[in-house]
Amino acid sequence: MVRRLSGRRSGSGQRKNLSRVLLFVTLTMMTLLLTACGDAPQSTLIRKGAAAERIWDVYGLLWIGTAVVFLLVEGLLFYTVIRFRRAPKTAHGRPVPVHGNTKLEIVWTVIPALVLVFIAIPTVQIIADLSEAPTHQGDPLKVDVIGHQFFFEFDYPELGIKSTNTMYIPTGTVVDISLQSNDVIHSFWVPQLQGKTDLIPGRTNRMWLEASEEGTYHGQCAEFCGLGHALMRFQVEAQSQADFDAWVDQQQNPSTGGGEEGQGQQLASSLGCTGCHTVDGSAGVGPTWQGLYGHNVTFTDGSSATVDDAYITESILDPNAKVVEGFQPLMPSFEGRVTDADIQAIIAYIKSLSE
Amino acid sequence: MATRAIARPSQVGAVKHDETLSEPRGLWSWITTIDHKRIGIMYLLLSIFYLFVGGIEAGLMRVQLSHPDNTFVSADTFNQLFTMHGTTMIFLAVMPMSAAFFNYLVPLMIGARDVAFPRLNAFSWWVLLFGSIVLNLGWFTGGAPNAGWFNYANLTSSAFSPGHNVDWWVLGIQILGLSSLATSFNMIVTIINMRAPGMGLMRMPPFVWMTLITAVLIVMAFPSLTVGTTFLMFDRFFDTNFFVPEAGGSPLLWQHLFWVFGHPEVYIMILPAFGIVSEIIPVFSRKPLFGYSAVIFSGIAIAILGFGVWAHHMFTVGMGPVPTSVFALTTMLIALPTGVKIFNWTFTMWGGHLNLKSPMLFMIGFISMFIIGGISGVMHASPPVDMQQQDSYFVVAHFHYVLFGGSLFGLMGAIYYWFPKMSGRMFHEGLAKAHFVFMFLGFNFVFMPMHWLGLEGMPRRIYTYSEDTGWAGWNLFISLGLFVLVFSFILFTVNMLMSLVAGEKAPSDPWDSDTLEWSIPSPPPFYNFAHIPTVTTRVPLWTEKYPDVYGTGAHGSDSEPEMHNIYPADEEPDASMHMPNPSIHPLILAFGITIGFLGLLIHPGVIVLGGAIAFIGLFGWVLQPAVGDGESHDEHDPVEPVAHTAR
């Protein structure tokens, strides 16, 4: 009645090699993990502020805890596989049929539960700490972050100024941020300074951050928000208090020489144009305006044209009629939102950037 | 109709299956089939097809991401690719592949001749087929769904997604939900009512237990998705404002409705694999499952806790510190029953005599990879950490370790383990082992570095990135690693096709297994069991083969009679087996429902047409006798044993 498969022992060498390969791969991957802390500008492992440090209090703890658990559990698994791949048979030809062990079940429920308690306590403490901007370092700087498809607008309600895609902050000062969205859900994330918080239409969320060192910190929208999501990047420019004050002063008293050109610059900022079109030649969601006027551009359909008043007007009112090669058809139409005079002012400003 | 003689000699001494019976053949017999085994095979083939479709979508994304500022596909195409990759893999690959094994195995494992509602079972498959077509129609009509598999409101509102892309998703998912619900009700009733004599609930094979739990989860979780998609459908088609903030709607309402479904969905995808592991590891360790009750009850605990953790997908939406803390703690709690399972599987192997055949390798691969996915899951159970990891590639790595390293490794092992039973052929063991090795390596090449990318701040769902991010190196590595993974699936396909044509004939019990499906020929006759078996232990076939080790006496239960034979030797085959009639009506009903849904996009008249077709199907279904009558008996239902030779 008892039927046996023959040849169970064949290929034992192959099995041995296999388990060695598995072990090798696992160890290699572990080593890679430990050496992976690069210097990427959006790395979550680099902490440059109080909020990021506070997160690291549990983040770092979890790295150690999970590494230990990983080694123990995987180690037990592979030890079991290697040890019992050729166990001596019992008299009846079958291993002893152990059906379970209640003590063991209790042990491997209680010990992980204790480990979790050690993670849960700091977790809850840090959730509380991150939920309110600390006030012990003096009055926080208030910034309203407003999400747009596909750029971030930064309003400083107490200073009466705003900027697009670059948030200027002084170092060592807590920044108390309120988050709103103008269209769909976005998420504000500057990994080296703080974890992400969503910007949700119809709601106001809050978060805070602080930069301990001067520098440019890179951030990116972390919630899928449509076609231009990948391009929705921004910076936090942390400056000394003096430099920051100088920037504020300059923004409050713009030195631009009035006229149509200056009016165009104001419009470009308030309409959000500069969220996507840079004015310094750097890359953006849309083509940069520096040197654009009078320049010959090629479109996605292969045709080309010189950028003149007519083309800019068309691009404002029917932006996706002609899309410059290398860019996506993302721009909303401004039909009905701008007057002819506004368009003329913007054209004058763009023209000035090619002089 | 042609018939086929299926007499096969029995492999297990005490089991008699010598009847020469016949089952219908030909394409029509497959279209009208209500046989759970054929439906299971149809599920399996469809899920493998969509696994490859989802794989191709992933491959195109990896080409795009292999270099910074790449322009291989446009932003819109990329968005369609990741939306459809996720939707396809979840709803059309992993879930149907699990359903394939539910269908094929549950009646066999519990000693039944079919599921409780065979025509409903056929209906489930046809709805799945039509729903999957609707979901993919967008590719051919100007744009597939492009708002992500979780379709966050209000990006999905008409104002921000004016095309039909999201409509295909809404309609497709509603149709697919019908299929999942029908299958689940069927499985619950089958498992509760149709177990063989002696198979108490705590003697059920663990896979059947996990099927039952999964089915209950589907029944409880899918209504939330249905409510969400119905609201979304109303917003898009009839200008309601459930999710439109300007009109007082709430985008967050969608997230709650979606994740109340979406988190249990994770367990819907992993619990079947837990069941598979709990079947295969004991067989290849030659030891019964360690801590059977602990494995079952931890599965139940996971299912219950799974409904209390949904908001951990929403730690960054600003819920406030109290709800955030509560959901963090419930999420951490769910690690406990999961850990219990891992330790029980490991201790099943401990002291065993391991037979490292390919199905077992996939199980060991499953456990080792699932541990990684589980551990990274504990990391972002902590909300401060989640604020850094959520929506980054770290999370992409995490859930691929759970759903690919977990579910798919389990399901691939299941395909190998049950292939001889389903096809009657053995596969090539060397190729299967090579498949495992390359899949294991390729999987880790592709998904392990995604952890690093996430830690370096790379968000999900970006179609491009610039050089200055520092992500280029690992992205190229991942894209190259995909070739190893693709190669492993080529080995799989070659092995399966070769074995189907020229594989060695499979014996009834090639692995020395413990469950009832291995007591009947491979492939099983269409009526499954000539006698309904009697079960006295959790390991009926081992009790049969090794009465000294697994006899009922060994459990110390004196009240049970000492009986080792699941098929008592002196019993005649059942004189009349009530096998259900083939039916075309499930297909007609499924087709009508699908046409009705499509009417929303085409014309109200089409809705009426679809309703009429569905009514015809339903009407025919109701009037058709469920069990073969005298007339059809000769043609379709020749179940009377023609010959019976005692052995």
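Buried area is the accessible area (1.4 Å probe) that two parts lose on being put together, summed over both. This is a predicted model, in which local features need pLDDT of at least 70 and side-chain atom pairs count only at pLDDT 80 or more, while totals for chains, interfaces and linings use all residues. Residues are numbered from 1 along each chain as its sequence is written, chains are lettered from A and ligands numbered from 1 in the order in which they are written, and side-chain values use heavy atoms, with hydrogens and water left out.

Q: What area do chain A and chain B bury between them?
A: Carbon and sulfur atoms account for 71% of the area buried between the two chains. The total for chain A and chain B is about 9,300 Å².

Q: How many residues does the contact take from chain A and from chain B?
A: Contact here means heavy atoms within 4.5 Å. By that rule, the two sides of the interface are 96 residues from chain A and 110 residues from chain B.

Q: How many residue pairs are in polar contact between chain A and chain B, and which element gives the largest share of the chain A side?
A: A polar contact is a pair of N or O atoms within 3.5 Å; within protein, one must be able to donate a hydrogen and the other to accept it, and residues adjacent in sequence count only if both atoms are side-chain atoms. Between chain A and chain B there are 20 such residue pairs, both residues being at pLDDT 80 or more. Helices (H or I, at least four residues) and strands (E, at least two) are DSSP runs, numbered from the N terminus, and those giving two or more residues to the side of chain A that touches chain B are α1 (12-34), α2 (50-83), α3 (102-131) and β7 (194-199) of chain A. The largest share, 17 residues, comes from α2(A).

Q: Which residue of chain A forms a salt bridge with B:D512?
A: A salt bridge is a side-chain nitrogen of Lys or Arg within 4 Å of a carboxyl oxygen of Asp or Glu. The rule finds two across the interface of chain A and chain B. In the one that involves B:D512, the closest N and O atoms are 3.0 Å apart, and the partner is A:R94.

Q: Which residues are linked with A:R94 in a network of salt bridges?
A: The side chains of B:K545 and B:D509 meet in a salt bridge of 2.4 Å, N to O. This pair links distant parts of the chain, 36 residues apart, with B:K545 in helix α16 (residues 540-545) of chain B and B:D509 in the loop between α15 (472-502) and α16 of chain B. The residues linked with A:R94 in the network are B:D509, B:D512 and B:K545.

Q: Is A:D176 buried or exposed?
A: Buried means under 20% relative accessible area, exposed over 50%, and partly exposed in between (1.4 Å probe, protein chains only). A:D176 has a relative accessible area of 11%. By the cut-off, A:D176 is therefore buried.

Q: Which strands hold A:K142 and A:D176?
A: A:K142 forms a salt bridge with A:D176, with the closest N and O atoms 3.4 Å apart. The pair ties together parts that are 34 residues apart in sequence, because the residues lie, respectively, in β1 (residues 141-148) and β5 (residues 175-181) of chain A.

Q: Which strand holds A:R206?
A: A:D176 also forms a salt bridge with A:R206, the closest N and O atoms being 3.3 Å apart. A:R206 is partly exposed, at a relative accessible area of 48%. The pair ties together parts 30 residues apart in sequence, since A:D176 lies in β5 of chain A and A:R206 in strand β8 (residues 205-209) of chain A.

Q: How many residues of α5(B) are buried?
A: Helix α5 (residues 165-193) of chain B reaches 43 Å from its first C-alpha to its last, close to the 42 Å expected at 1.5 Å a residue; the expected span is 1.5 Å times one less than the number of residues. The helix is largely enclosed by the rest of the structure, because the buried residues number 23 of the 29.

Q: Which residue joins its side chain to that of A:T278 in a polar contact?
A: A:T278 is found in the loop between α6 (273-276) and β11 (296-298) of chain A. At 15% relative accessibility, A:T278 counts as buried. The polar contact is 2.8 Å, and the partner is A:T288.
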